[in-house]
Amino acid sequence: MSRVFQGAFWIGVYLLLTLAPLFVLLLGPAPPGRGFWMEFSIAIGFVGLAIMGTQFLLTARYHHATAPFGLDIVYEYHRQISWVAFALVVAHPLIVFWQRPETLRLLNVFEAPWRARFAVASVVALAALIATSIWRRRLGLPYEVWRALHGALAVLIVTLALAHIALWGNYVGTPWKLVLWVALTTFWVGALVYVRLWKPLLLLRRPYRVVEVRRERGDAWTLVMEPEGHSGFRFHPGQFAWLSLWSGPYDMREHPFSFSSSAEYRGQLTMTIKELGDFTATIKGARPGQRAYLDGPYGAFTCDRHRAPGYVFIAGGVGITPIMSMLRTLADRGNDQPLLLIYSSKTWDDVIFREELEELMKRLNVKVVHVLREPAEGWQGERSFVTQETLKRHLPADPNSRDYFICGADVMMDAVELALTELGVSLAHVHSERYNFV
Amino acid sequence: VRRRYADILVVITASLIVLLSAFFALLQSWRG
């Protein structure tokens, strides 16, 4: 099945799940004389709730559903569609107030019936969920605390909204309506059980063991891991997994990192992680023999997915990690296609994998261009940032004859993507992945 | 570039969701 078809299929499934409650409207006799706007208000309230319920599925990291898009797009969609859900659940009462102004008294939570109190509480909880997600860092919420709070608020929002519908009673009255609501709720709860209970159980049965913690240049550490009592999994070079190192898979402390090792070697796999804060600063403290859990592989950022006559890799700092996995894999496969690596680092001493890149130049048809932000005196190579001029100096005459993989800080990826389009490179040839999951 | 794909998906699905909600509401108001 082609990726486009798979993608269309999962979009169809998503629409079916979010629109399913609308069928409740059409089941059984219709209440007389309520008019379009009241019915529309109820419809968008239902759909808003269904979108929120389906959010559990979007973050369930279900391989088949995320593969056609890439997990970063699914998470970005999860973030953006929550705004749509928020708009719908806020518009739902606003339309009711407009059509029937006497219902405004329901906002007085001290005197309003419970069905209205539940609705108000659900919307307030949704606002809190969105606010804590947007301003997590500003609010000083550690990632693990935020994640636990996010899950708890999500369950609370959906439960309160269901209580609001149940107490209102108009749309749960007949057996079929009840069946539909119970089925949908079971589905949402099922997704939650899958993510929080079933999947961690599967991971628990397939642990990994740290065999080495290696210091790299540029304040980075390579974690070498081996599957313990199982054969591990296959991944495509450039993909990533969620790593739990200091705790079991039931804990909230898991973080996404790219594999840096070759996808052709199944015995061991490595992740190279730069010390940037919180969790990343603890990697160097890991000891051989320590257990680790890996939820993966995920991601669409791989040369296996985009066949081309040659590749250009553009990396910034630790963004070299997935690209190193691709280079190592291509070398193991005996690849002889023309490759170009443009690699931006702070100083010459900070160039992660510097020595190995020199070795890879002997095994691959690769040209490596280092760009240093703070070069030492006498540096003859590229300096400052990866600019349009840098690219122009090194890209082939027909830039569309290559596929481009960019990995680095957001600001660097934005600048490089813009520079490439200005050089006439079609966006279809440009691939990147953003790990900004929170 | 990647974010733009998510933007497009959100616009397409949100538009369909709102349009179909309106369609269902219209059907329901006719029935009532």
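How many residues of chain B are in contact with chain A? The points below take this up, then turn to chain A.

1. **Ground rules.** This is a predicted model: local features need pLDDT of at least 70, side-chain atom pairs count only at pLDDT 80 or more, and totals for chains, interfaces and linings use all residues. Side-chain values use heavy atoms, without hydrogens and water, residues are numbered from 1 along each chain as its sequence is written, and chains are lettered from A and ligands numbered from 1 in the order in which they are written.

2. **The interface.** The answer is 25 residues of chain B, in contact with 41 residues of chain A. Contact means heavy atoms within 4.5 Å. The two chains bury about 2900 Å² between them, 72% of it on carbon and sulfur atoms. Buried area is the accessible area (1.4 Å probe) that two parts lose on being put together, summed over both.

3. **Chain B itself.** Chain B has one helix and zero strands. Helices (H or I, at least four residues) and strands (E, at least two) are DSSP runs, numbered from the N terminus. The C-alpha atoms of chain B fill a box of roughly 45 × 5 × 5 Å, taken along the principal axes. Of its 32 residues, 41% count as buried. Buried means under 20% relative accessible area, exposed over 50%, and partly exposed in between (1.4 Å probe, protein chains only).

4. **The sheet in chain A.** Six strands form an open, parallel sheet in the order S10-S9-S8-S7-S11-S12. Two strands pair if DSSP finds at least two bridges between them. The edge strands, S10 (382-383) and S12 (430-432) of chain A, each pair on one side only. S7 (residues 311-316) and S11 (residues 403-407) of chain A pair over five bridges. Phe313(A) has Phe405(A) in S11(A) as its bridge partner.

5. **A helix on the sheet.** Helix H12 (residues 410-422) of chain A packs on the sheet and touches S7, S11 and S12 of chain A. Its direction makes about 160° with that of S11(A). Axes are lines fitted to C-alpha atoms, for helices over the stretch in contact, and angles run from 0 to 180 degrees between N-to-C directions.

6. **Pro68(A).** Where is Pro68(A) placed? Pro68(A) is in the loop between helix H4 (63-66) and helix H5 (71-99) of chain A. Pro68(A) counts as buried because its relative accessibility is 11%. Beyond its neighbours within four places in sequence, its contacts include Trp10(A) and Arg305(A).
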